[in-house]
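Look over the model below before reading on.

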Amino acid sequence: MISFAILCLALGFIVIGMPVAFAIGVASLVYFLLPTTFMPDATAVQRIIASSQSFPLLAVPLFILVGHLMNGSGITERMMTLASTCAGWLRGGLAQVSLLLSALMGGISGSAVADAAMQARILGGPMTREGYSKGFTAALLSVGGLITATIPPSLGLILYGFLGEVSIGRLFIAGIMPGIFLTIALMLATALIAKRRGYQPVVDRPPTFREVVAAIRKSFWAILFPVWLIVGIRFGIFTPSEAGAFAVAYALFVGVLIYRELSFAAIVDALLMSVRDIGMIMFIILLSGAFGYVITFERVPQTLAELTTGLFSSQIALLFTISIFLLVFGMLVEATVIVMLLTPILVPVITAAGVDPVHFGLVMMTLVTFGGMTPPVGVSMFTVCGILNCSYKEYTRELIPLAAAVLAVVVIMIIFPETVMFLPDLMMGH
């Protein structure tokens, strides 16, 4: 009961506008100051410090830095050329290009909001000038970021794996198939919308084999990065944290020596932006360490596990129930906060019910990340609508068919877990 009150207190602080890190930290500290808590106050500080003593957590700042380095190294431009070559001939050409670009960038940036903002600046203007409505343009570019957040390396999956003590390597590999399914579903939805509204292709014919090969050759070093990442983790060459260090070195190598577009000033800018992002995320992670300890000490996961296993005899019914809760919660609270607050609670619950935590992790991250693209408080929605000067009402109306495509993929992921677990089981030997 006390832990539930602490959770409500943290959410209440967030609702009234307190910064997330302080909301979690203050709510956790209140627990240790209660007269009924038989633990010294210093325990809260110890748990905060202990949260920083994690080797897997090194992957977070490293991949954030990689995203900024890649954006300044000329890789985005080359990926754009490849996406235009492969998808520009489809109905709704620029819209299809944006989705394919999200899939290609998914192996590089790892952030839905960063991808949506980047694409809004690159493709937002050209799409509206080609006749696409502002609402559709904003909704598509925002939801396209969901693909980026699913295909490895995903920062959300790193945090989920760290907090839930789930293999980050298996999560990375498991994210490939859902990312592909999301890309296909959104491209099909876009094609139907484009056919009804008369959105035209960018080019009048499919590319020749020679043109595709030329585009792949131009972006070869960029495409090779996610391949190295998956192969390295699969064969034990490096851990996810070491993969982050490798990725930083690789980004510097490609940007400075191969493409020669990553200047010293661009590196400094990438470092400064990374420090800002890392500071914000790591502060939340550290203070959530005390919160996680409170949840564990009060035996919340064990109590919920006993309750849910008694209520739900079906794993699918349990997953659908939790998914509806996550979808609604994701519309109200930022994805990182949900991962911090709920992962330590939900992972033991679904594990006790016999659900693979890797399977659940992909379902959870898809839903809470998608919540950031929906009203009323979606970060991606605010970002893209701000860049394109689009009204939230128009955005929401155009989001509906794209949201249906995303939710259809989530339903398939829940009912057919092998769609998620096929690759990790095959590649990791489970």
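The protein chain exposes about 18200 Å², and carbon and sulfur atoms supply 71% of that area. Keep in mind that this is a predicted model. Buried residues make up 55% of the 430 residues.

The secondary structure is quickly told: the chain has 22 helices and zero strands. The radius of gyration is 22 Å, close to the 22 Å that the globule rule gives for 430 residues, so the chain is as compact as a globular protein of that length. Along its principal axes the C-alpha trace spans about 70 × 45 × 45 Å.

H11 covers residues 176-197, which is 22 residues. From first C-alpha to last it reaches 32 Å, close to the 32 Å expected at 1.5 Å a residue. Its buried residues include Met177, Leu182, Leu186, Ala189, Ile193 and Ala194. Just after H11, Gly198 takes a positive phi of about 80°.

Arg197 lies in helix H11 and Glu398 in helix H21, so the pair ties together parts that are 201 residues apart in sequence. Arg197 is partly exposed because its relative accessible area is 35%, between the 20% and 50% cut-offs. Glu398, at 8%, counts as buried because it falls under 20%.

How many salt bridges does the rule count? The total comes to four. Another of them joins Glu261 to Arg78, with the closest N and O atoms 3.1 Å apart. Glu261 sits in the loop between H14 and helix H15 (264-297), and Arg78 in helix H5 (residues 75-87), so this pair ties together parts that are 183 residues apart in sequence. Glu261 is partly exposed, with a relative accessible area of 34%. Arg78 counts as buried at 12% relative accessibility.

Asp356 and Arg170 also meet in a salt bridge, at 3.7 Å from N to O. This pair, too, links distant parts of the chain: Asp356 is in the loop between helix H18 (335-352) and helix H19 (357-371), Arg170 is in helix H10, and they are 186 residues apart. Asp356 is partly exposed at 26% relative accessible area. Arg170 is buried at 9%.

Turn next to the surface. Leu252, Phe253, Val256, Leu257 and Ile258 make a nonpolar surface patch of about 370 Å². Phe253 is found in helix H14 (residues 240-258). Phe253 is partly exposed, with a relative accessible area of 36%.

Backbone angles come last. Most residues other than glycine have a negative phi. Which way does phi go at Glu165, negative or positive? Glu165 has a positive phi of about 55°, although it is not a glycine. Glu165 lies in the loop between helix H9 (155-164) and helix H10 (168-174). At 74% relative accessibility, Glu165 counts as exposed because it is over 50%.

Asn389 has a positive phi of about 55° as well, and it is not a glycine either. Asn389 is placed in the loop between helix H20 (379-388) and helix H21 (392-415). Its relative accessibility is 61%, so Asn389 counts as exposed.

Notes:
Residues numbered from 1 in each chain as written. Predicted model: local features only at pLDDT ≥ 70, side-chain atom pairs only at ≥ 80, totals over all residues. Heavy atoms only, no water. Helix = DSSP H or I, 4+ residues; strand = E, 2+ residues; numbered from the N terminus. Buried < 20%, exposed > 50% of the residue type's maximum accessible area, 1.4 Å probe, protein only. Expected span 1.5 Å × (residues − 1). Patch = residues over 30% accessible without salt bridge, like charges linked within 9 Å, V, L, I, M, F, W, Y side chains within 5 Å. Areas by Shrake-Rupley, 256 points an atom, 1.4 Å probe, with all protein chains shown as cover. Salt bridge = Lys/Arg side-chain N within 4 Å of Asp/Glu carboxyl O. Rg over C-alpha atoms; globule rule 2.2 N^0.38 Å.
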